[in-house]
Structure formats: structure tokens, C-alpha cells
Amino acid sequence: MRAVLWDMDGTLVDSEKLWDIAMHALYARMGAVLTPEVRESTVGGSSESVMRIVYDDIGLDPDPVAMAESSDWLHDYTGELFEQGLSWRPGAQEMLEALTAAAIPMALVTNTRRGLTERAMKTIGQGYFTVSVCGDEVENAKPAPDPYLRAAEMLGVPAADCLAVEDSVTGTVAAESAGCPVLVVPNDVEVPVGPRRRHVTSLESLDVAGLRAVYHDLNSQVGERTA
């Protein structure tokens, strides 16, 4: 395990609850009601994929200009909520501190736009991460592997040598597609099990040695299947 690649929303900070508020506000603005099923389908998505889901759900014409305006409104509203403060997920800040002390490089890999990510980083802190990659900085956002591949490349470490930490199906698929074993810490959405995934209920149950053991275990299982 030469590096750790972190998702942000729902993994490091409990921001999905703020996205819930913003999504319901967007629907109210558009004269519609957001169902739990549709909200779940947007978790971990890029701004573009979320707007496609919203416009399809409400039955609106997918006009690119209107969708961009709605996306901007949603991000501005969410940014205001972020500015009021973000809560850490249990054990997340302590794990960042421990990995920093162990001199293990880290990257932030998120589908959130750069502008909103910077607002979140006021709570998280820039200093933990050697690099960061946002959803509007790659050709294809998660669930495509592009963000994770870009982060690994920027770190100068093969993706297979990185452990990704995720909370959503979208992010987990992206990390796996890039070649990363994945530690899944579910938040609001259930993530199916898989051969390159290890589920834990909380980061509080692990230390750096535990992360290394998870990485080693997942890579060993892959080796056994391909032998």
C-alpha cells in the first residue's frame, strides 16, 4: 500500500445529509417532490449525471442550458450549507492524521466540482493531501475510472498500489475499474460485496496497520484467483 485515495462526500465528511437538504430544495424550486429512491440513485454521482437523473425524473426537457443553471444553483446552495460547517465521519480525521504521521501519500478523489470541494476543504484541511482530483477536472467522472487513474498518476504510484476508501456504489465501481482495491465504509447507501472490496462499519475500527492488512488481503485474494 503505497498511497491511499479518499472519496470525500459521505466518506470523510458527513456531507450527504447536506446534499439531501439541497436536493429537496432543488425539487421544491422546480415544483416537484424528491423520492428516497431517486435520491439514492444520485449519491456519489457527478453534477452532470445528477442533473440527467433529476430532469428525467421530473419529466423536463433535458435542455443543456437549463440543466447547467440548475446544477449551478444546486452547488451554490450546497456550498452555503458547507460554509456552516461539516461533520467528520467517525474515525476519518484520526485516520488522516495517522497516515500523515506514517508518511503515506494521500489523494482526495471526488465527483464534486472543484469550487465546492475547496469550500469543503476549509473543514477537512488541504494539508493532508498531496493531490486532489475533482469531477469537473476529468473527461469522465465516477463511475468511470478516470478520477482514480488521474490521482494515481499525479502521485506517481500505480493504481494497483493504492487503497481507495469509498462509501458509494458509484465511487467503488470507479476505484475498482481503475485497479484499486477498495475499503468500503457505507454511509446512506448499501454497497454490494465484491472480491476487491472490504466492508467496515466505521474507520474507528482500523489503524494504519489495519489498512495495510486490508490492502494485503484484497491483493492476495486476487493473486489466488489468477494463479
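**Close-up 1. The side chain of N111 and its polar contacts with the backbone.** In this predicted model, a polar atom of the N111 side chain lies 2.8 Å from the backbone oxygen of G44, and a polar atom of that side chain lies 2.9 Å from the backbone nitrogen of K142. Polar contacts here are pairs of N or O atoms within 3.5 Å; within protein, one must be able to donate a hydrogen and the other to accept it, and residues adjacent in sequence count only if both atoms are side-chain atoms. Look for N111 in the loop between strand 2 (106-109) and helix 6 (114-124). Helices (H or I, at least four residues) and strands (E, at least two) are DSSP runs, numbered from the N terminus. N111 is buried, at 8% relative accessible area; buried means under 20%, exposed over 50% and partly exposed in between (1.4 Å probe, protein chains only). Leaving aside neighbours within four places in sequence, N111 is in contact (heavy atoms within 4.5 Å) with G44, G45, S46, G135, A141, K142 and T170.

Two notes apply to every view. Residues are numbered from 1 along each chain as its sequence is written, and side-chain values use heavy atoms, with hydrogens and water left out. As the model is predicted, local features need pLDDT of at least 70 and side-chain atom pairs count only at pLDDT 80 or more, while totals for chains, interfaces and linings use all residues.

**Close-up 2. Helix 8 and its cover.** Helix 8 (residues 169-178) has T170, G171, T172, A174, A175 and A178 as its buried residues. Among the elements covering them are helix 7 (146-155), strand 4 (162-166), strand 5 (182-184) and strand 6 (197-199). At the start of helix 8, a side-chain oxygen of S168 comes to within 3.0 Å of the backbone nitrogen of G171. After helix 8 comes G179, with a positive phi near 105°.

**Close-up 3. Helix 4 beside helix 6.** The axes of these two helices come within 9 Å and cross at roughly 10°. Axes are lines fitted to C-alpha atoms, for helices over the stretch in contact, with angles from 0 to 180 degrees between N-to-C directions. Helix 4 contributes H75, D76, T78, G79, E80, F82 and E83 to the contact, and helix 6 contributes L116, R119, A120 and K122.

**Close-up 4. Aromatic pairs.** The whole structure holds three aromatic pairs, defined as rings of Phe, Tyr and Trp (its six-membered ring) with centres within 6.5 Å; planes under 30 degrees apart are stacked, over 60 edge-to-face and the rest tilted. One of them joins W19 and F82, edge-to-face with centres 6.3 Å apart and planes at 90°. W19 lies in helix 1 and F82 in helix 4 (residues 64-83), so this pair ties together parts 63 residues apart in sequence. W19 is buried at 11% relative accessible area, and F82 is buried at 2%.

**Close-up 5. The largest nonpolar core.** This core has 48 residues, of which V4, W6, L99, F129 and L183 touch the most other members. A nonpolar core is a set of buried Ala, Val, Leu, Ile, Met, Phe, Trp, Tyr and Cys residues joined through side-chain atoms within 4.5 Å. Helix 1 (residues 16-29) supplies the largest share, six residues.
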